Amino acid sequence: MSEQTGKVVVMDHPLIRHKIGYIRRTTTGTKDFRDTISEIAMLICYEATRDLELQEVEIETPICKTTVRELKGRKLCIVPILRAGLGMVDGMLAMIPAAKVGHIGLYRDPGTLQPVEYYCKIPPDSGNREIFIVDPMLATGGSIAAAVQMLKERGCKHIHLLCILAAPEGIEYLQKTHPDVDLYIGEVDERLNDHGYIVPGLGDAGDRIFGTK
Ligand code: PRP
Ligand code: URA
């Protein structure tokens with residue numbers, strides 16, 4: 001049986017383009033950066049949930065009985081990668097308020113660029129949930145590939161990634177290591193620099209969200 005291949009969806013919506021342009025600017029301060037990351041997450045969430053299944057339900061409006069379509073079945077779980085992924089959680093929850101939230105703690109060693117794990121807590125029934133990993137930056141892909149691996153080891157099967165900026169190197173790495181994961185990407189940039197930063201990028205997303213630099 002052949003392995004299922006995930007989708008790669010790059011957003012082409014003008015609102016997303018405009019907002020990404022705004023957060024790239026060095027002049028955008030912490031509050032505006034954080035607020036805009038949240039808004040972009042909300043917009044990408046709209047696209048990433050396009051294939052969720054619906055079911056017909058009989059209801060009564062003030063006028064008459066009718067049939068409406070509501071979200072069906074499998075429950076959802078948002079998993080931010082700490083720290084920067086936290087910036088996308090509120091935007092996601094604004095769209096899917098009933099979702100559970102797991103957390104994965106990973107940071108990228110600045111010397112080796114390898115991901116270092118420090119935390120993982122997800123809902124016990126995550127294997128039956130549709131998982132939405134959120135992290136604004138897909139650079140080498142090491143952190144997100146490690147997060148996917150951690151989730152798969154805990155039984156997760158239906159995994160989607162939402163990120164704001166991606167380098168071609170990171171997309172390629174993720175497709176090689178976890179070809180089954182669907183990728184929803186705000187914008188694809190040119191390349192990585194010698195320090196593993198996305199070019200032109202937006203700098204260090206975690207530091208810009210939390211004002212730590
Ligand atoms: C950033 C970002 C990703 C990772 C991407 O996190 O949020 O998790 O780097 O890089 P990669 O694709 O090369 O692995 P960082 O390690 O800076 O941690 P932070 O969010 O705590 O600042
Ligand atoms: N992590 C970031 O926050 N920014 C980059 O450009 C690469 C990794």
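Modeller: Before we look around, a helix here is a DSSP run of H or I with at least four residues, a strand is a DSSP run of E with at least two, and both are numbered from the N terminus. The model is predicted, and local features need pLDDT of at least 70 while side-chain atom pairs count only at pLDDT 80 or more, although totals for chains, interfaces and linings use all residues. Residues are numbered from 1 along each chain as its sequence is written, chains are lettered from A and ligands numbered from 1 in the order in which they are written, and side-chain values use heavy atoms, with hydrogens and water left out.

Biologist: How many helices and strands are there in the protein chain?

Modeller: The protein chain has 6 helices and 13 strands. Its C-alpha atoms fill a box of roughly 65 × 45 × 30 Å along the principal axes.

Biologist: What about ligand 1, which residues come nearest?

Modeller: Arg108, Asp135, Thr140, Gly141 and Ser143 come nearest, out of 15 residues around ligand 1, where being near means that a heavy atom of the residue lies within 4 Å of the molecule. That shell divides into 6 nonpolar, 5 polar and 4 charged residues; Ala, Val, Leu, Ile, Met, Phe, Trp, Tyr, Cys and Pro count as nonpolar, Asp, Glu, Lys and Arg as charged, and the others, Gly among them, as polar.

Biologist: And which strands and helix each supply at least two residues of the shell?

Modeller: Strand S6 (103–108), strand S9 (137–138) and helix H4 (142–153) each do that for ligand 1.

Biologist: How far is an oxygen atom of ligand 1 from an N or O atom in the side chain of Thr140?

Modeller: The distance is 2.6 Å for Thr140, and an oxygen atom of ligand 1 is also 2.6 Å from a side-chain N or O atom of Ser143. From the backbone, an N or O atom of Ala139 lies 2.9 Å from an oxygen atom of the ligand. The protein covers 91% of the 500 Å² of accessible area that ligand 1 has on its own, an area from the Shrake-Rupley method with a 1.4 Å probe.

Biologist: Switching over, which residues are around ligand 2?

Modeller: They are Arg108, Met137, Ala139, Gly196, Tyr197, Ile198, Gly203, Asp204 and Ala205, and this shell divides into 5 nonpolar, 2 polar and 2 charged. An oxygen atom of ligand 2 is 2.8 Å from a polar backbone atom of Ile198, and an oxygen atom of the ligand is 2.8 Å from a polar backbone atom of Ala205. A nitrogen atom of ligand 2 lies 2.8 Å from a backbone N or O atom of Gly203. For ligand 2, the protein covers 88% of the 240 Å² of accessible area that the ligand has on its own.

Biologist: What is the phi of Leu113?

Modeller: Leu113 has a positive phi of about 65 degrees although it is not a glycine, and this residue lies in the loop between S6 and strand S7 (115–121).

Methods. Polar contact = N/O pair within 3.5 Å; in protein donor to acceptor, adjacent residues only side chain to side chain.
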